[in-house]
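Here is a short report on one chain. It covers contacts, fold, core, aromatic rings and salt bridges.

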Amino acid sequence: MIECGGGSVTFGQQSINTIEEIRRKRKLGTLLQALNATSVLYSIFVKNNSLTSSFYVTQQDFFMFSKAAKGTGDLVRNLIYRDIEMLILTTGLQGEERAFWMCMKDSLR
């Protein structure tokens, strides 16, 4: 894992706003993953009768669930990457603050 900044970076208001937005997106991403898990498990075990459930459990439901859960993580990472990229491109960040965000951007690739 890449270490960015070492704790000595002083953030401006634009960076603080971006940090809050990243926190919000991570929280929503976690919620989306939990919702995804709940809906798939509901579909497998509650919505169908037991005979149908055993068929679906051995089929693609868990594969689709794992693929969707991974995709949720990728989606959140890409949204955060975009936020950081926009911050770098649209603001006059300089010095350690800019280096921090460049490091963060590189760590998300």
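## Contacts and fold

Among contacts with a separation of 6 or more, 72% join residues 24 or more positions apart. Contact here means heavy atoms within 4.5 Å. The model is predicted: local features need pLDDT of at least 70, side-chain atom pairs count only at pLDDT 80 or more, and totals for chains, interfaces and linings use all residues. Residues are numbered from 1 along each chain as its sequence is written, and side-chain values use heavy atoms, with hydrogens and water left out.

The chain has four helices and zero strands. Its pattern along the sequence is α-α-α-α. Helices (H or I, at least four residues) and strands (E, at least two) are DSSP runs, numbered from the N terminus.

## Surface and burial

Of the 109 residues in the chain, 27% are buried. Buried means under 20% relative accessible area, exposed over 50%, and partly exposed in between (1.4 Å probe, protein chains only). The accessible surface of the chain is about 7,700 Å², and carbon and sulfur atoms hold 59% of it. Areas come from the Shrake-Rupley method with a 1.4 Å probe; for residues, only the protein chains shown count as cover.

Leu32, Leu35 and Leu75 form a nonpolar surface patch, with about 270 Å² of accessible area together. Such patches use residues with over 30% relative accessible area and no salt bridge, with nonpolar side chains (Val, Leu, Ile, Met, Phe, Trp, Tyr) joined within 5 Å. Leucine 35 sits in helix H1. Leucine 35 is exposed, at 55% relative accessibility.

## Nonpolar core

The largest nonpolar core has 14 residues; Ile22, Ile80, Ile84, Phe100, Trp101 and Leu108 touch the most other members. Helix H3 (61-90) and H4 each supply at least two residues of this core. H3 gives the largest share, six residues. A core is a set of buried Ala, Val, Leu, Ile, Met, Phe, Trp, Tyr and Cys residues joined through side-chain atoms within 4.5 Å. In soluble globular proteins, nonpolar side chains tend to be buried together.

## Aromatic pairs

There are three aromatic pairs. Phenylalanine 11 and tryptophan 101 make a tilted one, 6.2 Å centre to centre with 55 degrees between the planes. This pair spans 90 residues, from the segment before helix H1 (13-47) to helix H4 (residues 95-107). Phenylalanine 11 is partly exposed at 28%, whereas tryptophan 101 is buried at 1%. Phenylalanine 100 and tryptophan 101 have ring centres 5.0 Å apart and planes at 80 degrees, so this pair is edge-to-face. Rings of Phe, Tyr and Trp (its six-membered ring) pair if their centres lie within 6.5 Å; planes under 30 degrees apart count as stacked, over 60 as edge-to-face and the rest as tilted.

Phe11, Phe100 and Trp101 form one aromatic cluster. Beyond four places in sequence, tryptophan 101 touches residues including Ser15, Thr18, Ile84 and Leu93.

## Salt bridges

The whole structure holds seven salt bridges. Each needs a side-chain nitrogen of Lys or Arg within 4 Å of a carboxyl oxygen of Asp or Glu. Arginine 24 and glutamate 21 meet at 2.5 Å, N to O. The two are three residues apart in helix H1, about one helical turn.

Lysine 25 bridges to aspartate 83, also with the closest N and O atoms 2.5 Å apart. This pair links helix H1 to helix H3, 58 residues apart. Both lysine 25 and aspartate 83 are buried. Glutamate 85 and lysine 105 meet at 3.8 Å, N to O. Glutamate 85 lies in helix H3 and lysine 105 in helix H4, so this bridge ties together parts 20 residues apart in sequence. Shared partners join Glu21, Arg24, Lys25 and Asp83 into one network of salt bridges.

Technical notes: Patches are made of residues with over 30% relative accessible area and no salt bridge: like charges are joined within 9 Å, nonpolar side chains (Val, Leu, Ile, Met, Phe, Trp, Tyr) within 5 Å.
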